Amino acid sequence: MFDASRRPPHSTRWQRLLTACGLLLAVAAAQGQALPQAPAPAASQPAGDAVSRFLQERGLLGQVSVESGGLLDQVRDKASDLVLASMNFLGVPYKRGGNSAESGFDCSGFTRHIFEMSVGLVLPRRADEQAKLSSLAPVKKTELKPGDLVFFNTMRRTFSHVGIYVGEGKFIHAPRSGQKVRVEDMREAYWAKRFTGARRADLGSAADAGGNANTPSLN
């Protein structure tokens, strides 16, 4: 009989890696491209970007297509890099007012940290302020793409909770006290009836906007 007390010490780590790999596939599917059939064994190619390094470091590079138009090409854009960055924080505990992996995150602290770290865009601190940011474009639920911010009414007020859409109807977020950063399905009844909108950043100019926001005014 399996003895749970003898579970390998790194089982939680492997669970996170498997979750991350599943999300990579979801991102690829959400971008509207079919995943290629598994190719014949080929020589390993050098990892030239964050996605390649992520897969290579975990021994997964040989299990996906590295040809042009394959999985790696599908997840190299900024939105997918943002989603990939968010996966690194799966399992970080929730903390009200938290802004870092060391201290923990609340929902808006998590989204703010991911956007600033991955694309250089500094979002407002509160969820409702993020939703009202003029530089973010409203997005219909039927037109969501990986990297979009998704908002919910969880405290009897609009835009009281926020997460990041990762594709296939799922989003990653810091849920509430006593919980950890995780992925959930927006189509579940609880989230479906509380969804209040989505916003999309212009990631192409996010870095410049973030840099200008940190430049002190001379007026």
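Student: How many bridges join strand S6 (residues 170-173) to S7, and which way do the two strands run?

Tutor: Strands of a sheet pair through backbone hydrogen bonds, either parallel or antiparallel. In this predicted model, S6 and S7 run antiparallel and are joined by four bridges. Within this pair, Lys-170 stands opposite Asp-185 in S7.

Student: In what order do the six strands form the open sheet?

Tutor: The order is S3-S8-S4-S5-S6-S7, with antiparallel pairing. Strand S3 (137-139) and strand S7 (182-185) each have a single partner strand, so they stand at the edges and one side of each lacks a neighbour in the sheet. From one strand to the next, the twist averages 40 degrees.

Student: Which strands does H5 lie across?

Tutor: Helix H5 (residues 107-119) lies across strand S4 (149-152), strand S5 (161-167) and S6, and runs at about 50 degrees to S5.

Student: At what angle do helix H4 and helix H5 pack?

Tutor: Helix H4 (residues 78-87) packs against H5 at an angle of about 125 degrees, and their axes are 9 Å apart. H4 is therefore oblique to H5. The crossing of H4 past H5 is right-handed.

Student: Which residues make the contact?

Tutor: H4 contributes Lys-78, Leu-82, Ala-85 and Ser-86, while H5 contributes Phe-110, Ile-114, Phe-115, Met-117, Ser-118 and Val-119. Of the residues in this contact of H4 with H5, seven are nonpolar, two polar and one charged.

Conventions:
Residues numbered from 1 in each chain as written. Predicted model: local features only at pLDDT ≥ 70, side-chain atom pairs only at ≥ 80, totals over all residues. Heavy atoms only, no water. Axes fitted to C-alpha atoms, helices over the stretch in contact; angles between N-to-C directions. Parallel < 35°, antiparallel > 145°, perpendicular 65-115°, else oblique. Left-handed = near helix turned anticlockwise from the far one by under 90°. Contact = heavy atoms within 4.5 Å. Nonpolar A, V, L, I, M, F, W, Y, C, P; charged D, E, K, R; others polar. Pairing = 2+ DSSP bridges.
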